[in-house]
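Trainee: Before we discuss the strands, could we have the sequence and the coordinates side by side?

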Amino acid sequence: MFRTQVGFTIVAVSLLSATAQAHFPWIKIDQKQGKQGTVLFYFEHAPKAGDGAYLDPFIERGTFWLTTADGESTKIELNDTKEDKLRWLETELSEASPRCIDLYTKWGVYRYGNTDTLLHYYARNIDARDADDVTALAESKHLKLQLQPQLSSGELTVRVTWEGKPLAKQQINLRSPTVAKNFTTNEDGIAVLPLNRPGNYALRTKVVKKKSGEFLGKDYAEVHHHSTLLMYIFKQYAAE
């Protein structure tokens, strides 16, 4: 169950400032590829393969975990994969659903306008058909910035947390089969999102911290944390 915690200070910014061409980390599971499915990782504008031009930091510094509903968690390795002009990471899975795949990467320094920015990326895919299994997998052991879901009929309740504490007035961007809009969390860090049709639901949120420093020989003036969650919502929970 969700727990309310208070007593932290952080700077959060609106997702509306993100450009349409921004890259985000997306974890997808192909249920038909391999005995237990195959996890696919993209760093693109949307959850699909692109040119993979910015994948190298994920290969060099990224960590992926597979977690089962009983709480057991293991690291997994993804392979650099290319086909025609497309590039992504993938590996066949050894554990059946319900399961969750998590990622964390300290990507590096990138210049936005005139500001050199250190980028951290977090991504999740919760692969579960039943609401109880989603609840069991909702909280990650590994990620500072999380989107934690709970399922009920016609609704997806999501809590945004930073280091285990809820983020109030934090924006969540949702793209679903019927909705593309931003939602804002309440004082407990919770937003309720509509489930209007079965299919993939892609969520993301962003936190900015005004902190300067140096990483791999490059100075930065800000730190951006980006988190995504990709889930497939089955028919029994979608209020069509």
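This is a predicted model: local features need pLDDT of at least 70, side-chain atom pairs count only at pLDDT 80 or more; totals for chains, interfaces and linings use all residues.

Trainee: In the open sheet of eight strands, which strands stand at the edges, and why is one side of each left without a neighbour?

Mentor: The order of this sheet is β4-β3-β7-β8-β18-β15-β12-β13, with mixed pairing. A strand at the edge has a single partner strand, so one side of it is left without a neighbour in the sheet, and this holds for β4 and β13 (180–184).

Trainee: Which residue of the hairpin of β3 and β4 takes a positive phi?

Mentor: Strand β3 (residues 63–68) and strand β4 (residues 73–76) run antiparallel and are joined by four bridges, with Ser73 of β4 as the bridge partner of Thr67. The hairpin has four residues between the strands, and the residue with a positive phi, near 95°, is Gly71.

Trainee: By what angle are neighbouring strands turned on average in the open sheet of four strands?

Mentor: This sheet has the order β1-β2-β6-β5 and antiparallel pairing, and five bridges join β5 to β6 (residues 86–92). With direction ignored, its neighbouring strands are turned against each other on average by 35°.

Note on methods. Residues are numbered from 1 along each chain as its sequence is written. Side-chain values use heavy atoms; hydrogens and water are left out. Two strands pair if DSSP finds at least two bridges between them. Helices (H or I, at least four residues) and strands (E, at least two) are DSSP runs, numbered from the N terminus. Axes are lines fitted to C-alpha atoms, for helices over the stretch in contact, and angles run from 0 to 180 degrees between N-to-C directions.
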